[in-house]
Amino acid sequence: MDRRDFLKFSVLGSTLFLGGKNYGVTSPLKPFSQAASSQLSRVEARYYEKLPDREIKCNLCPRFCHLGDKERGFCGVRENQDGKYYTLVYGQVASYNIDPIEKKPFFHFLPGSEAFSIATAGCNLSCKFCQNWEISQMRPEQVKSVYLPPEDVVQTAEQYRCPIIAYTYSEPTIFYEFMYDTSLMARRHHLRNVVVSAGFINPEPLADLIKVVDAIKIDLKAFTQDFYTNYVRGELQPVLQSIKQIAGSKAWLEIVYLVIPTLNDNPEDIRKMCRWLKAEIGPDYPLHFSRFQPMYLIKNLPPTPISTLEKLRAIALEEGLHYVYIGNVPGHPAESTYCPNCGKLIIERYGYIIKKKEMSGNKCRYCGQVIPGVWS
Amino acid sequence: MKKSRVVIIFSKQALSPTGIPEPQIMLKMYRRGLELLSGVPAEEALKIWFKPEDRIGIKINTIARRALSTRPETSVPLGLWLGKNLGGEDKIIIWDRTNEELKDAGYKLSTSPGSLKIFGTDSRGVGYTQEPIVNRDIGSLFSRIQTDLIDASISLAILKDHGLAGVTAGMKNYFGAIHNPNKYHDSNCNPYIAELFETDIIRGKHRLSILDALRVQYHRGPSYHPQWAENCQKLIFSTDAVAADSIGWKLIEELRAKKGLPSLKEENRQPAYLFTAEKMGLGQADQANIEILEEEV
């Protein structure tokens with residue numbers, strides 16, 4: 001398979017993703033061997049405690065699943081086998097693509113670069129509006145996978161001249177061991193690692209992960225516990241803790257907020273969130289308000305009105321955040337980056353395409369203002 | 001309020017000295033259990049619950065492999081007897097999530113024409129529904145065995161203590177009919193077990209609960225721990241799935257008390273989903289509203 005053939009699969013994924021959908025491994029996969037369901041990986045998991053009577057407690061995420069023999073965690077991909085805890089998805093890639101980094105979205109991280117993007121089955125949340133539920137809400141034996149151990153991921157990224165590996169689509173936390181080992185290896189090959197996550201992870205594994213990756217995008221689903229309880233089956237506070245932890249590290253951070261009409265679009269909640277972000281991590285990390293498309297278990301609501309996204313963006317700017325974007329609305333002016341000092345357009349985007357970049361190094365070309373991010 | 005009836009059949013000969021169910025005794029227990037449940041001869045009773053054209057699924061539980069699963073010696077005699085009395089054994093499907101689990105529990109898979117069918121949802125050409133089916137907080141793909149291949153269902157589940165749900169029995173057995181049961185184990189599986197059972201696809205087809213209480217894991221379940229498993233040699237029958245499970249719970253509490261263990265309530269893991277199910281009108285959880293008929297064969 002040459003680059004053109006490979007990109008055909010990617011284009012399929014990317015094109016459909018514009019409508020909010022990413023497909024898993026559905027195409028002929030010449031370069032990789034198809035993993036059979038009976039070939040789930042059996043690599044010992046990290047961050048767990050052995051308990052009496054062959055039970056274990058998983059410490060990877062704030063669920064702290066307590067599992068008996070033969071039981072799996074909420075994520076569906078980590079299993080207690082006779083008192084030892086295993087990841088079943090190490091190297092079991094259920095979706096891969098070459099994506100523009102803007103698709104993640106990262107707007108302040110190597111704009112215009114391509115990321116070799118991978119995911120396994122499973123997720124430690126259960127969002128009713130999940131855009132990738134065909135892989136995230138599945139157990140690994142329920143999806144087609146290809147076997148791509150870390151060395152093959154790195155080699156593939158290099159082969160297709162991608163400077164970045166992205167751990168994305170489902171929830172990378174649940175394939176932690178695979179992501180971590182791949183990131184380490186990628187660094188040795190001078191590749192960058194980015195993570196697209198909901199941030200529902202415990203501080204210790206996150207601290208270790210931050211040391212081997214370059215950027216993390218957090219999906220902040222809402223700013224109320226009520227929403228996390230009813231639509232996500234998770235908790236808000238650990239996610240906020242993760243945001244603070246990443247902001248205090250060397251890894252770059254961007255935040256996405258998918259705006260779902262009537263469910264998490266309350267302007268007062270958004271204002272509180274923006275105040276919290278400014279107070280806790282400062283005004284310089286990008287915040288993306290993304291447009292919702294009806295999906296998975298929430299098909300009864302229409303796509304987010306663009307006017308709602310604009311109103312919420314205005315609130316965020318009023319509250320003093322410097323880089324506030326609107327996503328999933330190709331051609332909208334708020335896809336572009338404006339210098340917070342002189343107000344000039346410095347990166348013009350259309351969808352995932354960079355049309356113009358008026359920066360010199362990490363500075364605005366017009367006024368010399370430093371624009372935070374990773375630019376080279 | 002009319003009480004729900006639950007029948008408990010005991011036999012000293014239900015298990016062989018090595019702990020294997022005795023098929024002939026199983027059949028005797030089924031027949032007597034259904035007679036007592038219906039008040040008419042067993043073969044007549046079948047015609048109350050099943051139409052001649054019904055394809056019947058027997059949903060078993062093989063997650064704990066051979067050590068603590070619905071054994072073939074228990075389920076196959078039921079399937080063959082149903083087939084004999086309801087127009088052909090090829091209309092009967094004994095099933096669970098995966099072929100591997102079925103084989104590990106001692107089953108020989110079968111899809112041959114004219115014979116009793118035994119296979120898992122992951123069989124080629126079966127799988128799950130393409131789109132999720134939603135009921136309250138449940139959103140799942142359902143096994144196409146449950147949605148497309150059967151008209152009526154018997155839940156033939158192992159009765160076990162469950163670390164999260166409190167008790168796993170006939171209702172929770174249907175977690176094996178959806179693709180994402182791992183998503184429904186928090187909050188003591190409450191209200192998820194009740195909400196899953198409430199779906200048309202489950203409740204609309206469910207005819208009978210038969211709890212396999214031949215060997216009961218009364219502590220540290222659902223994994224198998226021989227030191228906390230007891231040979232009870234009982235089968236529990238009801239058309240009320242909630243009542244059947246409630247009496248299963250009672251049996252587990254009795255075993256725990258006998259062994260000096262705290263009650264599930266004391267461990268703060270009583271099966272609250274049963275009371276949720278009762279509130280939803282799915283059956284009787286309150287044991288005061290359940291008539292228990294118990295007999296030895």
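1. Helices and strands are here DSSP runs, of at least four residues (H or I) and at least two residues (E) respectively, numbered from the N terminus. On that basis, chain B contains nine helices and 11 strands. Its radius of gyration is 17 Å, close to the 19 Å that the globule rule gives for 297 residues, so chain B is as compact as a globular protein of that length.

2. The model is predicted. For chain B the mean pLDDT is 97, with 100% of the residues at 70 or more. For the complex, the predictor reports an ipTM of 0.91 and a pTM of 0.92.

3. The C-alpha trace of chain B extends over about 50 × 45 × 40 Å along its principal axes. Of the 297 residues in this chain, 56% are buried. When contacts in chain B between residues at least 6 apart in sequence are considered, 70% of them join residues at least 24 apart.

4. Chain A includes an open sheet of three strands, ordered β3-β4-β5, with antiparallel pairing. Which strands lie at its edges? They are β3 (48-51) and β5 (66-67) of chain A, each of which pairs on one side only.

5. Strand β4(A), residues 55-58, runs antiparallel to β5(A), and two bridges connect the pair. Within β5(A), H66(A) is the bridge partner of K57(A). In general, the strands of a sheet pair through backbone hydrogen bonds, in either a parallel or an antiparallel sense.

Definitions and conventions
Residues numbered from 1 in each chain as written. Chains lettered and ligands numbered in written order. Predicted model: local features only at pLDDT ≥ 70, side-chain atom pairs only at ≥ 80, totals over all residues. Rg over C-alpha atoms; globule rule 2.2 N^0.38 Å. Buried ≥ 20, exposed ≤ 12 C-beta atoms within 10 Å, placed from the backbone. Contact = placed C-beta atoms within 7 Å. pLDDT = per-residue confidence, 0-100. Pairing = 2+ DSSP bridges.
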